[in-house]
Amino acid sequence: MRSGHAFWLTGLPGSGKTVLSLAAKREFPELVLLHMDEMRKIVTPLPTYSEEERDHLYLSLVYTAMVLTREGRDIVIDATANRRAWRDSARRHIRNFHEIYIKCPIELCREREAKRVDAFAPADIYKKGKEGAPVPGVNVAFEEPVNPELVVDCTQTLERAEGELISYLKAKLK
């Protein structure tokens, strides 16, 4: 049986991960999308965002991705994953793993997040971070990928960012 591919879109909150994952799903309807914000609502309906809680959630996400790809499914993971350790765990456990860094300056992420109407992500993330809530890039470290398979610059137009991601997926999923 063919082993599926896992494309992990990582980046700061508001960088464009969900928008790009949904664009990938439109182009490749057979893709399975794993949204951390959606998973969190079910697994931890009253999240604390503690390191221990994040660790359990991200390792559960890695396990889910591993099982799906082992069964031949191609997936896109939409998750900040501010710690490299979680993405490295996925790389160790998933044969066809692709780390895709959605690179965006925090100022632009804040602007986008303030305007966002999203079914998955919690509201006012950066505002909550200023008030002391643990937010990657604000008061929790975001460990940028060291050698991602693809870097998508999200300061460019949405169409161009989508085009870069779709071109990469087409090359890998042929």
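Predicted model: local features only at pLDDT ≥ 70, side-chain atom pairs only at ≥ 80, totals over all residues.
Residues are numbered from 1 along each chain as its sequence is written, and side-chain values use heavy atoms, with hydrogens and water left out. Local features need pLDDT of at least 70, side-chain atom pairs count only at pLDDT 80 or more, and totals for chains, interfaces and linings use all residues.

Helices (H or I, at least four residues) and strands (E, at least two) are DSSP runs, numbered from the N terminus. A nonpolar core is a set of buried Ala, Val, Leu, Ile, Met, Phe, Trp, Tyr and Cys residues joined through side-chain atoms within 4.5 Å. Buried means under 20% relative accessible area, exposed means over 50%, and partly exposed lies in between (1.4 Å probe, protein chains only).

The largest nonpolar core holds 28 residues. Those with the most contacts inside this core are Phe7, Leu9, Leu20, Ile100, Val152, Leu165 and Leu169. At least two core residues come from each of strand 1 (5-10), helix 1 (17-27), strand 4 (96-103), helix 5 (106-115), helix 6 (125-130), strand 5 (150-153) and helix 7 (158-173). Helix 7 gives the most, with six residues. A second, separate core has 20 residues, among them Trp8, Met36, Leu57 and Val62.

Helix 1 has Lys17, Thr18, Leu20, Ser21, Ala23 and Ala24 as its buried residues. Their cover includes strand 1, strand 2, strand 3, strand 4, strand 5 and helix 7. Contact here means heavy atoms within 4.5 Å. Not counting residues up to four places away in sequence, Leu20 touches Leu9, Ile102, Val152, Cys154, Ala161, Glu162 and Leu165.

In helix 2 (residues 36-43), Met36, Met39 and Arg40 are buried. Seen down the axis of helix 2, the buried residues fall within an arc of 100 degrees, so they line one face of the helix. The arc is that of the directions from the helix axis to the C-beta atoms. These buried residues pack against strand 2 (32-35), helix 3 (51-70) and strand 3 (75-78).

Two packed helices are described by the angle between their axes and the distance between the axes. The axes of helix 2 and helix 3 come within 11 Å and cross at roughly 115 degrees. Axes are lines fitted to C-alpha atoms, for helices over the stretch in contact, and angles run from 0 to 180 degrees between N-to-C directions. The crossing is right-handed. A crossing is right-handed if the near helix is turned clockwise from the far one by less than a right angle, and left-handed if anticlockwise. Met36, Met39, Arg40 and Val43 in helix 2 meet Glu53, Arg54, Leu57, Tyr58, Ser60 and Leu61 in helix 3. The residues of this contact divide into six nonpolar, one polar and three charged. Ala, Val, Leu, Ile, Met, Phe, Trp, Tyr, Cys and Pro count as nonpolar, Asp, Glu, Lys and Arg as charged, and the others, Gly among them, as polar.

Ser89 sits in helix 4 (residues 84-93). Ser89 counts as buried, at 6% relative accessibility. Beyond four places in sequence, Ser89 touches Leu59 and Val62.

Lys128 lies in helix 6. At 38% relative accessibility, Lys128 counts as partly exposed. Leaving aside neighbours within four places in sequence, Lys128 is in contact with Ala123 and Ala133.

Gly72 belongs to the loop between helix 3 and strand 3. Gly72 is partly exposed, with a relative accessible area of 22%. Not counting residues up to four places away in sequence, Gly72 touches Met1, Arg2, Ser3 and Gly4.
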